[in-house]
There are 2 protein chains.
Amino acid sequence: MAAKLPRAVSRLIEQFERLPGVGPKSAQRLVFYLLHNPEHQLQEFADRLVALKRETVLCSRCHNVSETDPCSICDDTSRDEAQLCVVEQPLDLLAIERSERFTGRYHVLHGAISPLNHIGPDQLFLHDILKRLEPVEELIIATNPTMEGESTALYITELIKQSLPPEQAASLKITRIGHGLPIGADIEYADGVTLARALEGRRQM
Amino acid sequence: MAAKLPRAVSRLIEQFERLPGVGPKSAQRLVFYLLHNPEHQLQEFADRLVALKRETVLCSRCHNVSETDPCSICDDTSRDEAQLCVVEQPLDLLAIERSERFTGRYHVLHGAISPLNHIGPDQLFLHDILKRLEPVEELIIATNPTMEGESTALYITELIKQSLPPEQAASLKITRIGHGLPIGADIEYADGVTLARALEGRRQM
């Protein structure tokens, strides 16, 4: 009795519902919006979806998403081999590149250790950091300032201490990206944890 | 110098950005989420996008999205031909069907009159309502209680009065769906316009 959506519509709604942050209502809205698009635009959208994996690779050195292997950063001999920056995601790498303050190399983990989501060190590109430490003088761990990011930073630090020969471990500087108040923020509205970190990380003027 | 996203990634981000309510940041998040999906799932998503228009039609009578023409509601002889309900979108039709209180036929406009968005009566399935009024005793206008929905309701009422022969127009009842407090709402938090409409629409107990 009750009217039902055509199968082609409900199946596309299901696809959109699987995306993170897209609920049933927004999935419906998106699909009915697409229904008013001409067919060639849907075809273009479909082609680009398929091209996403087909035309990209993960760089075999830093695991960044790239068109070439090695990626343009790993391939760029002008970049400083002595600094290696560990990030969770390719978007984090891009954000750091935009800051124009880092000229070293990267290592993309593709996530952070998160036991609740069944993500352990083996689900990440984590252990092969060890193979890249030969020319590195400073390892900057730029995982997110979250529970998962902090645990990952600790895990990497411990892993290196336990795996490297003592003299190499001693000469390697491991740093964590600075935490504190973001520029433009208001101390009045900062949360306690951030303020505590900002005080710990204070520097002489 | 600055690292750039692979073309396949940035082009898919562009596609997602075109969707309503999806900003640049969420488009990025969605694409990097998809990047971790296996290729066959992307292919399935792509296939369903293409199937959306290919496997659906607009019913030539009510303009609802359907697999068949006429759609299952227009084709259902048990439904009451004397009541015709005008809605803006197919999702509105579905919502009314879910209420299980309406057994008549529908007419889907696919939008509402909105001069700011360059949508006039000619961009909607509006004038062909006139051709469907022959068996209709009551026309229920269930466009949204927004500026656009109200103007569309007024336009339809005027159009019918001016187009139908006086005796047919006089015998046709045109009604607007009731406005007032939604069930479960709190009078304390209701806005003034809704309360005004609720008072106007009061009924004897």
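**Terms and their grounds**

Guide: Across the interface of chain A and chain B, 14 residue pairs are in polar contact, both residues being at pLDDT 80 or more. The model is predicted: local features need pLDDT of at least 70, side-chain atom pairs count only at pLDDT 80 or more, and totals for chains, interfaces and linings use all residues. Residues are numbered from 1 along each chain as its sequence is written, chains are lettered from A and ligands numbered from 1 in the order in which they are written, and side-chain values use heavy atoms, with hydrogens and water left out.

Visitor: What makes a pair a polar contact?
Guide: A polar contact is a pair of N or O atoms within 3.5 Å; within protein, one must be able to donate a hydrogen and the other to accept it, and residues adjacent in sequence count only if both atoms are side-chain atoms. The side chain of Thr152(A) reaches the backbone nitrogen of Ile113(A) at 2.9 Å.

Visitor: Why is Thr152(A) called buried?
Guide: Buried means under 20% relative accessible area, exposed over 50%, and partly exposed in between (1.4 Å probe, protein chains only). Thr152(A) has 0% relative accessibility, so the residue counts as buried. Thr152(A) lies in helix α5, residues 147–163 of chain A; helices (H or I, at least four residues) and strands (E, at least two) are DSSP runs, numbered from the N terminus.

Visitor: How large is the interface of chain A and chain B, and how is its area defined?
Guide: The two chains bury about 5,500 Å² between them, with 67% of it on carbon and sulfur atoms. Buried area is the accessible area (1.4 Å probe) that two parts lose on being put together, summed over both. In chain A, Arg48(A), Leu49(A) and Leu52(A) lose the most area to chain B, together 13% of what that side buries. As for contact (heavy atoms within 4.5 Å), 57 residues of chain A touch 57 residues of chain B.

Visitor: Why is the link between Glu14(A) and Arg48(B) called a salt bridge?
Guide: A salt bridge is a side-chain nitrogen of Lys or Arg within 4 Å of a carboxyl oxygen of Asp or Glu. Here the closest N and O atoms are 3.8 Å apart, so the pair meets that limit. Glu14(A) lies in helix α1 of chain A and Arg48(B) in helix α3 (residues 39–54) of chain B, so the pair joins two chains.

Visitor: Are these two residues buried or exposed?
Guide: Glu14(A), at 39% relative accessibility, counts as partly exposed, and Arg48(B), at 10%, counts as buried.

Visitor: Which residues meet in a salt bridge at 3.0 Å?
Guide: The side chains of Arg54(A) and Glu39(B) do, N to O. Both lie in helix α3 of their chains, so this pair also joins two chains. Arg54(A) is exposed, with a relative accessible area of 55%, while Glu39(B) is partly exposed at 33%.

Visitor: Why is the pair of Phe45(A) and Phe16(B) called edge-to-face?
Guide: Rings of Phe, Tyr and Trp (its six-membered ring) pair if their centres lie within 6.5 Å; planes under 30 degrees apart count as stacked, over 60 as edge-to-face and the rest as tilted. By this rule there are four aromatic pairs over all chains. For Phe45(A) and Phe16(B) the centres are 5.2 Å apart and the planes are at 90 degrees, hence edge-to-face. Both residues are buried.
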